[in-house]
Amino acid sequence: MLVPVFTLKLNHRINPRMVAVGRFDGVHPCLTAATQAGKVFIHNPHTRSQRLFSSRVSQSAQDSDISLLNINQAVSCLTTGTLAPGSSCHALLVGSQTSLLAYDVHNNADIFYREITDGANAIVLGNLGDIPSPLAVIGGNCALQGFDHEGNDLFWTVTGDNVRSLVLCDFTGDGKNELLVGSEDFDIRVFKEDELLAEITENETVTSLCHMHGSRFGYSLANGTVGVYDRTARYWRIKSKNHAMSIHAFDLNADGVVELITGWSNGKMDARSDRTGEVIFKDNFSSSVAGVVEGDYRMDGQTQLICASIEGEVRGYLPASKEMKGNLMDTSVEQDLIRELSQRKQNLLLELRNYEENSKCVAGCLTSEVDAQGGVIPANTQLQTALSVKAGTESQRPHIELCISTPNETIIRAVLIFAEGIFEGESHVVHPSVQNLSGCVRVPIIPPKDIPVDLHIKAFVGSKNSTQFHVFEITRQLPRFSMYELCKDDTAPRPKGKVTFQINDRPQRVIMWLNQNFLLPASLESPDVTFTALRAGGLLCIRMQPSGEIQLNTDDIDLAGDLVQSLASFLAIDDLQVEADFPAYFEDIRMTLTEVDEFHSVHQKLTAVMADHSNAIRHMLVQAEDARLMGDLKTMKKRYIELYDLNRDLINEYKIRSNNHTALLSCLKAVNQAIQRAGRLRVGKPKTQVVTACRDAIKNNNVNALFKIMRAGTPSS
């Protein structure tokens, strides 16, 4: 149980997920947050006489305890922590869509400033793997970069999509931190430096990650889901109609085990058990929660949980003492308990009534007085399911058909299917009309991605005139590559894209993988097979030579990567080198690289022109003011007209530069995704080597070497 120990009213609106506590002088904790005006405020009630101000830092007009750091552009991420090895003073790191600033608040000086072409959407500070110095790791458009205290780029790799959340965690239990990355393609990826260790697929954008203890971490999704994983095993999850704005790990009951603290968009803050997800504590703010952090803000040797709302309301909490815990069961808690017991009583009464009605029906059957309204069904009744691939028609898209049936005269009154990432809201209910009641219900399913999905099915089964129904439950797994139909036309031309690699395994093992991962009408007897892709069109051809060489033919490089990763995982292959060629895709990337060069050139020209115009405006303003002071109104008017025209041109050039930058980011994202896709075609060390070599080729502006690496896996081949 937590009790509030202090409350602050700060007159600044706070950006969500941009709240931190830093000891910038090594001693005194300061609350730091980004505002909507392109500024970062630093609340320091401890050392009022030691503040320094400059052109970058100013004092807030509303609160003497607050200093404002002028960033002059929209802040996209923020954190604090120890950046220099051996230092006790925290650095402030502020990211935007174009730059990263590391700032020494205590000495009022920049530590370093770096232009970031891929943008900074998320940031984390700490030690990663075997890299000796702390790193500021930022995630942007499909790219991850790590900078040391001198601004040196010591870490770089790519990931599947735009990064939204980062956390450092000892995922493997080897005493060294791995980097966990949440992105917009619904994946949580685990990197051991630049090597990808694991991927966890969720069903929405991963908005927040937090380390709890050991290999356990919490996560939140854009659809309101919050949960806890231990490595790749999910402990629990809950889903809310509100959005989780911030999550944090804090030991609120002083038992040595941290709980998951969540701040919600409706202003609620709650604490849940890390093992069960049960709510242990909750509180409410008048506006959305912006961030949840911790620190010894009162300087009394106790760490407080600090929660801030977007309106600037801040509360600090401490675990309640043993004496206080007995007095905290107030009326609201008692009312919640009474409400829960009352609901449980109603459920039990309803269940008892159903049992009584059912027993009457059974008694009627035993005396040959069959109750037409009863819920009795034959003892051999069971729920049967079947999955089949259905090609598209004029009226219906290609889909997987789930057939749910019973083996006798009973009817299915309703079906509830729960499946992550397939149905909106994750569940789907089918109510056949009274005229169409039967013992068979067919449900079309369209998986949006190639991932295995568990279908949890509940069906109401009874006789045609039943008023009470039996609930049958069954779980059926949808294979990963279920949206691919077996193609019987052996004469169809193969796709031009191909992947070739060698394995030391029997064809029967590949056949087993095919049978488990594709939805087939009958078991295959040969690893040579052709499928039609129902989702995107085109063919997929799989061939295996007696020598163990496997060739995958598809024009979809993402599909090829998924197939390679799935097969390597099934066959327990740690390292796999691959030769690949996707002519159409590689040509698109070549054109994109040409556009990147053009955008860079335009960016440099616009920057130079804007600098010239800025200097001209500065001189024009001085001349206009000189003319005003000398009473030369004619010259003053002329200069201000010229100043107005220059200012208008400068604004137009800025808009052009902004549009150019947006287009450049889009192209850079495509290039980073191309490197990621080339990496996914390999497994283990060859994958890491491809990503590193591709980055070096781009750094050296060697386009030909880049495509050699993507094709052969090495620059020399």
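Where is N162 found? N162 sits in the loop between β14 (153-158) and β15 (163-169); helices (H or I, at least four residues) and strands (E, at least two) are DSSP runs, numbered from the N terminus.

Before going on, the ground rules. This is a predicted model, in which local features need pLDDT of at least 70 and side-chain atom pairs count only at pLDDT 80 or more, while totals for chains, interfaces and linings use all residues. Residues are numbered from 1 along each chain as its sequence is written, and side-chain values use heavy atoms, with hydrogens and water left out.

Is N162 buried or exposed? N162 is buried, at a relative accessible area of 9%; buried means under 20%, exposed over 50%, and partly exposed in between, with a 1.4 Å probe and protein chains only. Leaving aside residues up to four places away in sequence, N162 touches N121, G140, N141, C142, G182, S183, E184 and K669, where contact means heavy atoms within 4.5 Å.

Next, the domains. The assignment, which is automatic or from a database, gives domain 1 (7-321), domain 2 (384-478), domain 3 (484-573) and domain 4 (583-712). The C-alpha centres of domain 2 and domain 4 are 52 Å apart.

Now the cores. A nonpolar core is a set of buried Ala, Val, Leu, Ile, Met, Phe, Trp, Tyr and Cys residues joined through side-chain atoms within 4.5 Å. The largest has 59 residues, and V499, F501 and F518 have the most contacts inside it. A second, separate core of 27 residues includes I400, I422, F423 and I457.

On to helix α4, residues 557-570. Its 14 residues should span 20 Å at 1.5 Å a residue, and the end C-alpha atoms are 20 Å apart, so the two agree; the expected span is 1.5 Å times one less than the number of residues. Of the 14 residues, 11 are buried, so α4 is largely enclosed by the rest of the structure. Among the buried ones are I557, L563 and L567. Just after α4, A572 takes a positive phi of about 55°.

Last, the cysteines. C440 is partly exposed, at 29% relative accessibility. The sulfur of C487 is too far for a bond, because the closest cysteine sulfur, in C541, is 7.7 Å away.

Note on methods: A disulfide is a pair of cysteine sulfur atoms within 2.5 Å.
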